[in-house]
Amino acid sequence: MSWTYQKIGHMFRNVSSVSRSTPVAAPRRPQAPSTAALPRRLYRSSVGKKAVMAVTGGILVLFLVGHMLGNLKVFLGRADFDHYAHWLRTIGEPALPHRVFLTIMEAVLTVAVILHMWSAVSLARRARQARPVRYAVRPKAQEHRYATHVMRYGGIIILLFVIWHLLDLTFGVVNPKSGGAEPYDKVVADFDPSRWYITVFYVIAVVMVGLHLKHGLWSAFQTLGWGRQRRYRGLHLFADVVAALLVIGFVAVPVMVTIGVVK
Ligand code: HEM
């Protein structure tokens, strides 16, 4: 049978190469699923989307830890802080041209943020479609709603904050100093006591980052099936401590500038 199909297919190909005015479709043999489609199929599954959320979330947390530690250099003085900012632009030199490493890092962060949000939205949509009728009141319903709000609206606030933050401290568009000013001068001018409301805004945004991280880690533990085990309490504590350290480390800079410790 398959021999006949091959023969016929071959004949059809020959005929169509002679006369293209009468196209005749050759019978197709069933094809095995292509391996190229595998990542797409995996991503379409809920497990795949959760894995994407975990990996991209991990990349963002690594960035945040590095960024927070770098920011703390402000306490070592102007020269150290500006030197650190300059070093960021020269990583990999002379093997890599100036600022290439930083540009790659920015591209990876942008893709990570987009994939993280995309997966979150499609997982939420899938959960809604799977359960069109809401649960009746459950003991954990209140807690669940709070976590959903923290992740959803908190995520939007964080995104808006990052846009503002880039316009402020990277490009200098909304900073009292111009974009070309040294990073130390931009930070000190930004959180000047007269601009206390900017500090308040940063503190709120960073607390949202901390809550988002805490709940994100908790839900990753649940996904991994560790939610009911005894070690979950330890992991819970670990998530709380990481989030708290990050919040304290980040808010220290704007607060200390506003109260005049850093000037
Ligand atoms: C609250 C205290 C923070 C301070 C004082 C601070 C300070 C800065 C400064 C000075 C820069 C410019 C670096 C440079 O041009 O060399 C920067 C860039 C940046 N910050 Fe922050 N930051 C803070 C919090 C955050 C948070 C919470 C996030 C994320 C949620 C964040 C995300 C970024 C990003 C994405 C960049 C651009 C990195 C790049 O140069 O490509 N920052 N920050």
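Visitor: What percentage of the residues in the chain is buried?
Guide: This is a predicted model. A residue counts as buried if 20 or more other C-beta atoms lie within 10 Å of its own. Of the 263 residues in the chain, the buried ones make up 16%.

Visitor: Which elements make up the secondary structure of the chain, and how many are there?
Guide: From the N terminus on, the elements run α-α-α-α-α-α-α-α-α. The chain has zero strands, and its helices come to nine.

Visitor: What share of the contacts between residues at least 6 apart in sequence joins residues at least 24 apart?
Guide: A contact requires C-beta atoms within 7 Å. Among contacts between residues at least 6 apart in sequence, the share joining residues at least 24 apart is 60%.

Visitor: Is Ala-205 buried or exposed?
Guide: Ala-205 is in helix H8, and its contacts beyond four places in sequence are Ile-157, Ile-158 and Phe-161. The C-alpha atoms of Ala-205 and Phe-161 are 6.5 Å apart, although 44 residues separate the two along the chain. Ala-205 has 20 C-beta neighbours inside 10 Å, so Ala-205 counts as buried.

Visitor: What distance does H8 reach from its first C-alpha to its last?
Guide: H8 has 28 residues, and 40 Å is expected at 1.5 Å a residue.

Visitor: How far apart are the end C-alpha atoms of helix H9?
Guide: Helix H9 takes in residues 231-258, which are 28 residues. At 1.5 Å a residue they should span 40 Å. The separation of the end C-alpha atoms agrees with this, at 41 Å.

Visitor: Where does H9 bend?
Guide: The bend is about 35°, and a proline, Pro-254, follows within four residues of it. The residue at the bend is Ala-252.

Visitor: Which helices do the buried residues of H9 pack against?
Guide: The buried residues of H9 include Ala-243, Leu-246, Val-247 and Phe-250. Also among them are Val-253, Pro-254, Val-257 and Thr-258. The helices that the buried residues of H9 pack against are H3, H7 and H8.

Visitor: Which helix supplies the largest share of the shell around the ligand?
Guide: The ligand is surrounded by 21 residues, and the closest are Ala-85, Glu-106, Leu-169, Phe-250 and Val-253. H3, H4, H5, H6, H7, H8 and H9 each supply at least two residues of this shell. The largest share is six residues, and it comes from H6.

Visitor: How many residues of the shell around the ligand are nonpolar?
Guide: The shell contains four polar residues and one charged residue. The number of nonpolar residues in the shell is 16.

Visitor: What is phi of Arg-99 near?
Guide: Arg-99 lies in the loop between H4 and H5, and is partly exposed, with 15 other C-beta atoms within 10 Å. Its phi is positive, in a residue other than glycine, and the value is near 70°.

Visitor: Is Ser-194 buried or exposed?
Guide: Ser-194 is in the loop between H7 and H8. Its C-alpha atom is 8.1 Å from that of Thr-258, 64 residues apart along the chain. Ser-194 has 9, so Ser-194 is exposed.

How values were computed
Residues numbered from 1 in each chain as written. Predicted model: local features only at pLDDT ≥ 70, side-chain atom pairs only at ≥ 80, totals over all residues. Expected span 1.5 Å × (residues − 1). Bend = angle between axes of the 7 residues up to and from the residue. Buried ≥ 20, exposed ≤ 12 C-beta atoms within 10 Å, placed from the backbone. Contact = placed C-beta atoms within 7 Å. Near = placed C-beta within 6 Å. Nonpolar A, V, L, I, M, F, W, Y, C, P; charged D, E, K, R; others polar.
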